[in-house]
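Subject: Structure handover

Hello,

Here is the structure I promised to pass on. My notes on what turned up follow below it.

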There are 4 protein chains.
Amino acid sequence: MPIINGNQYINRIDNLNASIWYDGKLIDEKVSDHSAFKGVIKSQANLYDLQLKDDLKDTMTYISPTTGERIGTSYMQPKTKDDLVKKRKMIQHWAKTSGGLLGRSPDYMNTVIMAFAASASIIDGKENCYPNNLINFYEKAREEDLSFTHTFISPQVNRSQLYFEESDEPIAAKIVGKNEDGIIIKGARLLATQGGITDEILVFSPGGITDEAHAFAFSIPSNTKGLKFLCRESFSEGESSFNYPLSSRFEEMDSVVVFDNVTVPWERVFFYHNREVANYFKSRSAFVPFTLHQVVARQIVKAEFVLGIAQAIVDTINIGEYQHVQEKISEIIVSVETMKALIIKAETNAELDEFGLMRPEPKPLHIAISIFPKIYPRLTEIIQILGSSGMVSIPSEADFQSDIRDDLDHYLQASTKNAYDRVKLFRLAWDLTMSSFGTRQTQYERFFFGNPIKLSSELYYSYERSHLINWIESF
Amino acid sequence: MPIINGNQYINRIDNLNASIWYDGKLIDEKVSDHSAFKGVIKSQANLYDLQLKDDLKDTMTYISPTTGERIGTSYMQPKTKDDLVKKRKMIQHWAKTSGGLLGRSPDYMNTVIMAFAASASIIDGKENCYPNNLINFYEKAREEDLSFTHTFISPQVNRSQLYFEESDEPIAAKIVGKNEDGIIIKGARLLATQGGITDEILVFSPGGITDEAHAFAFSIPSNTKGLKFLCRESFSEGESSFNYPLSSRFEEMDSVVVFDNVTVPWERVFFYHNREVANYFKSRSAFVPFTLHQVVARQIVKAEFVLGIAQAIVDTINIGEYQHVQEKISEIIVSVETMKALIIKAETNAELDEFGLMRPEPKPLHIAISIFPKIYPRLTEIIQILGSSGMVSIPSEADFQSDIRDDLDHYLQASTKNAYDRVKLFRLAWDLTMSSFGTRQTQYERFFFGNPIKLSSELYYSYERSHLINWIESF
Amino acid sequence: MPIINGNQYINRIDNLNASIWYDGKLIDEKVSDHSAFKGVIKSQANLYDLQLKDDLKDTMTYISPTTGERIGTSYMQPKTKDDLVKKRKMIQHWAKTSGGLLGRSPDYMNTVIMAFAASASIIDGKENCYPNNLINFYEKAREEDLSFTHTFISPQVNRSQLYFEESDEPIAAKIVGKNEDGIIIKGARLLATQGGITDEILVFSPGGITDEAHAFAFSIPSNTKGLKFLCRESFSEGESSFNYPLSSRFEEMDSVVVFDNVTVPWERVFFYHNREVANYFKSRSAFVPFTLHQVVARQIVKAEFVLGIAQAIVDTINIGEYQHVQEKISEIIVSVETMKALIIKAETNAELDEFGLMRPEPKPLHIAISIFPKIYPRLTEIIQILGSSGMVSIPSEADFQSDIRDDLDHYLQASTKNAYDRVKLFRLAWDLTMSSFGTRQTQYERFFFGNPIKLSSELYYSYERSHLINWIESF
Amino acid sequence: MPIINGNQYINRIDNLNASIWYDGKLIDEKVSDHSAFKGVIKSQANLYDLQLKDDLKDTMTYISPTTGERIGTSYMQPKTKDDLVKKRKMIQHWAKTSGGLLGRSPDYMNTVIMAFAASASIIDGKENCYPNNLINFYEKAREEDLSFTHTFISPQVNRSQLYFEESDEPIAAKIVGKNEDGIIIKGARLLATQGGITDEILVFSPGGITDEAHAFAFSIPSNTKGLKFLCRESFSEGESSFNYPLSSRFEEMDSVVVFDNVTVPWERVFFYHNREVANYFKSRSAFVPFTLHQVVARQIVKAEFVLGIAQAIVDTINIGEYQHVQEKISEIIVSVETMKALIIKAETNAELDEFGLMRPEPKPLHIAISIFPKIYPRLTEIIQILGSSGMVSIPSEADFQSDIRDDLDHYLQASTKNAYDRVKLFRLAWDLTMSSFGTRQTQYERFFFGNPIKLSSELYYSYERSHLINWIESF
């Protein structure tokens, strides 16, 4: 089964019937009918349908090297610079349907699994490592167009530098046993975005592991026995696309994943009980440059989405002549162009790596994901400042269908828009930056690659600059 | 009838039966039972009850000069520095019950009407001016403990510098006629916070008026014929004080006020058809210094509320040892102390003004309201940064009452708090800074005194600094 | 000998004949004639003369409790709030003569020695402590109007957290012996501002001492045998007050102080070989609040000086109508007023302390010195931005006395000033913010109370906020 | 005469004997011997010598299309992307010799004259326009390796929006007559960097011209009769490369240029008395993209120079372990990489323009020069913060040659450097950021392309974003 369409995706997810807990209840209906999930599932189905459109097919898919069938470009292992550009275009096509708000559209994790599999050779022959499992699983995922969630973070019990978990009952998920069927995992992981509504969940050690029990990498179906997804409150507040143009469609949900003595079958174990490998696999693999390439491509679309909305607000209330407005729009333009320049540099300077992949230059991508956590909150702030009181003058769709429609039409009209369209635009701006959905988006971008302070520190240590020091010495 | 209690307030508002439109419907039940209003009405009732508490009575009330009965301190005309300090304490007692989140607790408008009435002499003998109406109305309000909303802003049709309304039908509310009963008003005004749930609505020209029709000042009951309040969507998403500790109690609502040929009775007209007076009354009166004093007193409580929550987060996840965390908390401390210093300077340098009021020094209060629009959004950002992923790991009250309670208790426990209390704290932080309610609070503080750029400009023109120029010349 | 005049100060310093090394040479002429020192010595002499002016006498001096003679207010131990206000006025009178640029005008160290002496009781009876030496010395200094430099910082060999000096030869000054004459000091200290041109040098341990050899406090004359001052390059580039209106008069010089086996006579030892006392004396004494009060009083004058210059530039080239200019001037106004509010709060909330001093509230002063290191560099940046190309169009005094005077007069004329006065103003702005002197001023304010990061950390630990946490808990 | 060497350049400039006024005197010695100019002339001579070095020749030069001789790459009209890359490399080779501090190394103006000449066709056939003069002059300049200064700015008399010069005597340079020899210019222009020490001065209207008299473009030798250069004070304070490693070599000088009835010969007039052409020539020509490309290439070298120095300071005093230090270095890295990405994008997306030039994409270059004026001052601030007290502990070369050398060696030693090398490094950092030379560099970058506010505004108007608005509309 090669690329799937939207209905296939929906059916597969509904049939999984994963254990998803929401607001005190285990979901027992079709998850695609549940108010907290129907929006995002439909939006995601839409993405799969795009793969089949005639005019996009060449960008969105490529021919499987094993089956000769059309499969998703997000699974492609790029070998040339043109491949990289095609991959970016594919990512941005999908991103445009959501204004870049679907942080976990399938291309994200597909890229991850692709990069891991391409790097399988680095665990070849190591203790408790199964590189072939990884490769086989990648091929399966690619050919079946599987979707994924994953979880990196351990629970936030205590963030002190000197904290080591001492609980008898595991808190952070760990290996508590193994048998002929597989390894047994107990404990929890945060925060699985789209947890429960993807085919699979990929779990691997984030590095910095100090004991064997926390060293592992595997993927299992979302309906594996013992696996539970505990959701936060949904930020989708209703189905009206006038009232909630974004949250009604792109709320992805985050959940705590509980492993209640989950057995991971051996063929799905990529490695385990190997602390050394767990600590270097992610950083030595092709994971970082390709994942960043996907993320940055999406963030560019998001920044452009903000620019479009900001300018629409400016035009609507006719404030473009003000210098401070021009400065703020220019600030967004600078952000958009900077992100674009960084990805172009990464592609222009891409080189074949040890795994035969055309690897984008990592430096500019590191810069991009270091600055976006500061850029994005500022962009949303600009929207709020430009929108001003309009951001809270937001009557609902029902108001426009009631007896006060005439009043609204008259008193909320704008320079270049009627009241209905103007409120629609402002509700869009509000949902992007001020609704619970919008602020979660901001928080998501702020922490996407971890603590900004840590990002600075990594940049400090990784950036090659000895030639500059030598230059200064000789100056 | 002197100071009222909470029930009296609730009954009065329910009996008003003002025309409030919400989500396409005219509210026809008791407004204090309506989901969008019950929280704030109850919180406000609570404020009135505080006036009667034995240990607070001396601060919250004073003896009426006309009736000898206890009346609200917020109506007091301060004659001494001690009066000013008492007024500040009163304001802050009320503010503490809501963390400073009730921007329109009754003391705000009570202060406004007090200041206007004290300044009535400046319109004495001017054309179409009724200073005695103003004084009499102030006394009535004071003795009956009336509550107010008001509206300053005209609809945001077009913000261009050169825009003049040319519609045949008035958009911005204006005088369209007069007769023996009073003047007749047609058009709209934005944004009446608590519109419809106060006894009265005070309406006056904001200055910058270019024609007589827009020059007026009056107050009318909220249930005056032809008056309609068109609400935005409510940001109170439910009644659970675990889930929504703030929005369930302090969501004040904003509304567009429509004057559909409303007759303002003559005894309630303070002035009309006098452009000159309309343009100077606000600035020459005691309005600004006393209103700012109220606002800054409340903002201090709000900043302290943020500081308390921020520190609670730091303690809960044990991150106080990190330098960048210390820097962020210090930044909040600096904000709190700066605001406090500014109000203390205003009180220390207060002087008797031409109306016999002990007027706080305006300069430091102007500074305070110039900086708070920048300070407050930053404070909320700090909360979000410190809270990190905890800000989106927020299961609901129902989750804690379900079968997954054990999982939550185990996996969401914190260093110094159990899971339930930890989630409660993080939901508080989330409701303050990330819920729709929280972001509206941020927007409210950002624009409370108008466009920040305009505030800068006013400061530029008003600040006395010729002695400094002379000093430089002679240097 | 009570308060002295300028000539007495100059003669005393010339007669000291301290060992000052400048640009590779030991100064062997009168230091008040030396190009690197004559400006500041003259400016300082000017300060002493002010003490004698009839109209200022009452502010600048008070009556000695021991001799009944007039002595300097900067030595006064404040017992009332009025004393504090008088002290501030005295400080600001002096500061105004230099635009606040003389960071080490005598009142700074006089305040320090006053505060130490007032706190002598806390070392009473401790090992190797001589509180009476301290008290007697303070009285001597006060009655003789002595001037001081001091040094806090150890050499910047290695700023790593784990660095401990392991050199055989001491680098940081320490006690290397003692005999019947006194204790013997060897090593160096950074950076003695005005080193060599004050009567005395006060040396004490900054805290954080880990061995007895570095635990001491004493004062010795600047010409003590073995004491050497090694100067940096002077930032006074010439004597023309047109060319260098500030650096020609207020360049204070910084020097490395070398103690080459200096004997400190016993009567000048305040304590030694007592690590515990060395570590707490500064913080438990009245040092911090009074020193901060002096510093903040001076910084306010400096901020006002910047405001005056900024506005003069704006008026000269007529740019006051621009919104961004108004914003920048407003930003300076906010800074000035904030600093003023903080000192007023400190004075308003002053309380008698354990030593009988009327101690200003420390909190707002801590805030003030935490923010000024960020404020001041920004103020200088604003000057540069407003001044624009005018900051580098600065012909010299000689140019205005030459044949090209007509050209300059014509082509450099300004809207409200002739070319000569305009260039004079811009040279003043340049000397304040862009000359080597000006940038050293910026660096001085940036680091005056140590590393800003450390200041944040101290604020984090010292600020009382448990009541806020309790409030949140009970909310 | 094709490419010249350093001596040829020096001789040519000396022989010009232009009228340069410095500190009240007309320079009558060889200008290359004058203390204010010798440093920069020698540094520039060094650049010319680089053109002749065997290993650089291929980058620094190309073959003249007219003579077949080697001429300077900075004069090359790029036809391919490789040409562009070669041009960038050439620029950066030169820039590296000065850390990017020679803002007006010859490649800057050579690029300008190249771009103008390539665009000559746009004034073909227009009134009072001489495109052939421009082309011929470019060829002459190219083949003779001429050097240039130029001036854009009119005197800063009054920056008000409504100011029009009303003086009888021209202030801003303008055409006051014409005769058979040429046009006659009277008035002044600011600020000619390197004025008087280049072969030629290029003068053209900056746009925004409202009368014919101010509409012109021409180039004349620096020693043309009636031409005077009035210098500001030199910021080169001495010849010691230890004391002043940068200012002794790279101080370029700025001057007011006075045209005292200067006759511009007809063959050097490119256009005159054509307001329309004056207003569009610069913007329609290839001037902007190529000039920006040169500037950005140089700014990158400068940013890298800062990074090298910053890291050298960090290593020297061993502060790399501190998080806030890592953050600051990371901030510089982000700046460097962002600027690099922008130029790479401009080159990657270059296209052949209407003049047959391979024109770099203007957008990213506009972004680069919009952000560098904010980036560079921040970079210098970081240096100052990292350097801390070390930035003012700067004894002179003479100190190190005197009796106190042992003290300096001992007390100023650093973790990884001896005292001499440490002071050398800190003097370098000081000269870059805190000397009068350094702050003029900061001011230069801040205002290089004009007022930052105007840059924002231009970006606002020029950036194509209608497709984004359409996207939002259809969302």
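Start with one residue pair in chain A: A:T149 has A:I201, in β8(A), as its bridge partner. Please keep in mind throughout that this is a predicted model.

**A sheet in chain A**

That pair belongs to a wider pattern.

**A sheet in chain C**

Chain C has an open sheet of 6 strands. Follow them in the order β2-β1-β10-β11-β7-β6. Pairing is mixed here. At the edges lie β2 (25-26) and β6 (174-178) of chain C, and each pairs on one side only. Look inside the sheet at β1 (residues 20-22) and β10 (residues 227-231) of chain C. They pair in the parallel sense, over 2 bridges. Within β10(C), the residue opposite C:I20 is C:F229.

**Two helices in chain C**

Next, find α11 (residues 362-387) and α14 (residues 419-433) of chain C. These helices pack at an angle of about 145°. Their axes are 10 Å apart. Which hand does the crossing of α11(C) and α14(C) have? It is left-handed.

- from α11(C): C:T380, C:I383, C:Q384 and C:G387
- from α14(C): C:F426, C:A429, C:L432 and C:T433

By class, this contact of α11(C) with α14(C) has 4 nonpolar, 4 polar and no charged residues.

**Where chain B touches chain A**

Last, the contact between chains. Chain B gives 61 residues to it, and chain A gives 61 residues. On the side of chain B, several elements supply two or more residues. The strands are β7 (182-193) and β11 (254-265) of chain B. The helices are α11 (362-387), α12 (397-400), α13 (405-411) and α15 (436-447) of chain B. Which element gives the most to this side? That is α15(B), with 5 residues. By class, the side of chain B that touches chain A has 27 nonpolar, 22 polar and 12 charged residues.

Over to you.

Best wishes

Terms used. Residues are numbered from 1 along each chain as its sequence is written. Chains are lettered from A and ligands numbered from 1 in the order in which they are written. This is a predicted model: local features need pLDDT of at least 70, side-chain atom pairs count only at pLDDT 80 or more; totals for chains, interfaces and linings use all residues. Axes are lines fitted to C-alpha atoms, for helices over the stretch in contact, and angles run from 0 to 180 degrees between N-to-C directions. Helices (H or I, at least four residues) and strands (E, at least two) are DSSP runs, numbered from the N terminus. A crossing is left-handed if the near helix is turned anticlockwise from the far one by less than a right angle, and right-handed if clockwise. Two residues are in contact if their C-beta atoms, placed from the backbone, lie within 7 Å. Ala, Val, Leu, Ile, Met, Phe, Trp, Tyr, Cys and Pro count as nonpolar, Asp, Glu, Lys and Arg as charged, and the others, Gly among them, as polar. Two strands pair if DSSP finds at least two bridges between them.
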